[in-house]
Protein chains: 2
Amino acid sequence: VVRWEPNARGRLEKAAMELFSERGFDQTTTAEIAKRAGLTERTFFRYFADKREVLFGGAQGLKDLLVGSVAEAAAGSSPFDAVAAGLEAIACYLNEGREFAVERQAVIVANPELQERELIKLATLASAIAVTLRARSVPDPAASLMAEAGIGVFKVSFERWVDATNTRSLVDLVRDSLEELRVVTAAVTR
Amino acid sequence: VVRWEPNARGRLEKAAMELFSERGFDQTTTAEIAKRAGLTERTFFRYFADKREVLFGGAQGLKDLLVGSVAEAAAGSSPFDAVAAGLEAIACYLNEGREFAVERQAVIVANPELQERELIKLATLASAIAVTLRARSVPDPAASLMAEAGIGVFKVSFERWVDATNTRSLVDLVRDSLEELRVVTAAVTR
């Protein structure tokens, strides 16, 4: 019999982020996370395969939303606008969770192995966008270049968003960076 | 007394690439690399800290050349043109070593850990470009966005260059991708 615990996932996430921040990621065990959340380790493993998944468990959903939004952008959209639609969709989705994102970023920045994992996540998202653009009949290298530039926009916007002094929404920052990318790539030497 | 071996570095690189290709990176030891090259393991360690350095030993030189070229681009160059100058400089430098680059790419693609290392190398290059652009008075987020887009151009060009069917030079492919990036980011939905 599985005992139902109210909001177990949320409690585990909160406990994990607290411990990662206090002690560091490597120094935290799943047993300690469960204990801090007032749950059993068995309950932890019902929600997460390991402690890293607390930080990266959302990656697949993010990828699906991104790919889906690029794929479903209006017919005739330019590659730039299709990628913009995808980035705005994930920005909207993430925007509610800034507190978690700020804590998560601090944990990742402090740990080289997690930074590598984050780079792999971003590279995977770039590949997925490129595949989706090709399916929209965008030829290479334009598809790959727009995918890489789009993920660059996301990375830069995300870093601005989690900055302590920031008050703007992630969607706003993504739109701003997309426009800046256009300006900087168009600028010619006088 | 250190015995001088003619072209020891080149022989060790060649032996390492052969073994990595034949057996895989993980299944190759430094002792085997030295033996294949007809040298001692001690000689290997005079040139490389470990077997991974055979693949990544050039990273610092590449970064210095890239950063130097971006920094020294003509005064008044747009951020796009300064980054283009940097990418063309490293493309010129790498262009002579296509055979090594093709083998290296195959070894890296076959090994997730080396892929991570390669992503870190590229992220480090992007950060270095952003720092250099800021020193040229390019404000953020333009500096970071142009740096990320530039590394995207390099990644895509490099992958096209090492493709088995490719006959174009890396410099040519970098110029082509820079132009394509301009076109794809400028395109508006009709």
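A: B:Asp172 is partly exposed, because its relative accessible area is 34%, and that class lies between buried, under 20%, and exposed, over 50%. The model is a predicted one. The side chain of B:Asp172 meets that of B:Arg168 in a salt bridge, with 3.0 Å from N to O. B:Arg168 has a relative accessible area of 31%, so this residue too is partly exposed. Elsewhere, in chain A, salt bridges that share partners tie A:Lys14, A:Glu18, A:Glu22 and A:Arg36 together as one network.

The general idea is simple: side chains of opposite charge can pair when their charged atoms come close. Over all chains, the structure holds 24 salt bridges. Another of them pairs B:Glu88 with B:Arg175, whose closest N and O atoms are 3.3 Å apart. This pair links distant parts of the chain, since B:Glu88 sits in helix 6 (residues 79-95) of chain B and B:Arg175 in helix 10 (residues 170-186) of chain B, 87 residues apart. B:Glu88 has 23% relative accessibility and therefore counts as partly exposed. B:Arg175, at 47% relative accessibility, is also placed among the partly exposed residues; the limit for exposed is over 50%.

The next pairs cross from one chain to the other. B:Lys155 forms a salt bridge with A:Glu148, and their closest N and O atoms are 3.2 Å apart. B:Lys155 belongs to helix 9 (residues 142-161) of chain B, while A:Glu148 belongs to helix 9 (residues 142-162) of chain A. Both B:Lys155 and A:Glu148 are buried. The side chains of A:Lys155 and B:Glu148 also meet in a salt bridge, at 3.2 Å from N to O. Across the interface of chain A and chain B, two salt bridges are found.

The relation between the chains comes next. A rotation of 180 degrees, with 0.0 Å of shift along its axis, superposes chain A on chain B with an RMSD of 0.0 Å. The two copies are thus related as by a two-fold rotation axis. A:Ala149 is the residue of chain A that comes closest to the rotation axis, its C-alpha being at 2.4 Å. Of the interface residues of chain A, 100% are also interface residues in chain B, so the copies meet through the same surface.

The interface can also be described by counts and by area. In it, 34 residues of chain A are in contact with 34 residues of chain B. The size of an interface is often given as the accessible area lost when the parts come together. Between chain A and chain B this buried area is about 2800 Å², and carbon and sulfur atoms give 70% of it. A:Leu145, A:Val184 and A:Thr185 supply 21% of the area that chain A buries against chain B, more than any other three residues.

A:Ser78 touches B:Ala187, B:Val188 and B:Thr189, leaving aside residues up to four places away in sequence. With 5% relative accessibility, A:Ser78 counts as buried, because the cut-off for buried is under 20%.

Chain A has 10 helices and zero strands. Of its 190 residues, 49% count as buried. The C-alpha atoms of chain A fill a box of roughly 60 × 40 × 25 Å along the principal axes. Among contacts in chain A between residues at least 6 apart in sequence, 63% join residues at least 24 apart.

Two packed helices are described by the angle between their axes and the distance between the axes. In chain A, the axes of helix 7 (residues 98-109) and helix 8 (residues 112-135) come within 7 Å and cross at roughly 115 degrees. On the side of helix 7 of chain A, the contact is made by A:Arg104, A:Val107, A:Ile108 and A:Val109. Helix 8 of chain A contributes A:Leu114, A:Gln115, A:Glu118 and A:Lys121. By class, this contact of helix 7 with helix 8 of chain A has four nonpolar, one polar and three charged residues.

Technical notes. Residues are numbered from 1 along each chain as its sequence is written. Chains are lettered from A and ligands numbered from 1 in the order in which they are written. This is a predicted model: local features need pLDDT of at least 70, side-chain atom pairs count only at pLDDT 80 or more; totals for chains, interfaces and linings use all residues. Side-chain values use heavy atoms; hydrogens and water are left out. Axes are lines fitted to C-alpha atoms, for helices over the stretch in contact, and angles run from 0 to 180 degrees between N-to-C directions. Helices (H or I, at least four residues) and strands (E, at least two) are DSSP runs, numbered from the N terminus. Contact means heavy atoms within 4.5 Å. Ala, Val, Leu, Ile, Met, Phe, Trp, Tyr, Cys and Pro count as nonpolar, Asp, Glu, Lys and Arg as charged, and the others, Gly among them, as polar. A salt bridge is a side-chain nitrogen of Lys or Arg within 4 Å of a carboxyl oxygen of Asp or Glu. Buried means under 20% relative accessible area, exposed over 50%, partly exposed in between (1.4 Å probe, protein chains only). Copies are superposed by least squares on the C-alpha atoms of residues with pLDDT of at least 70 in both. Buried area is the accessible area (1.4 Å probe) that two parts lose on being put together, summed over both.
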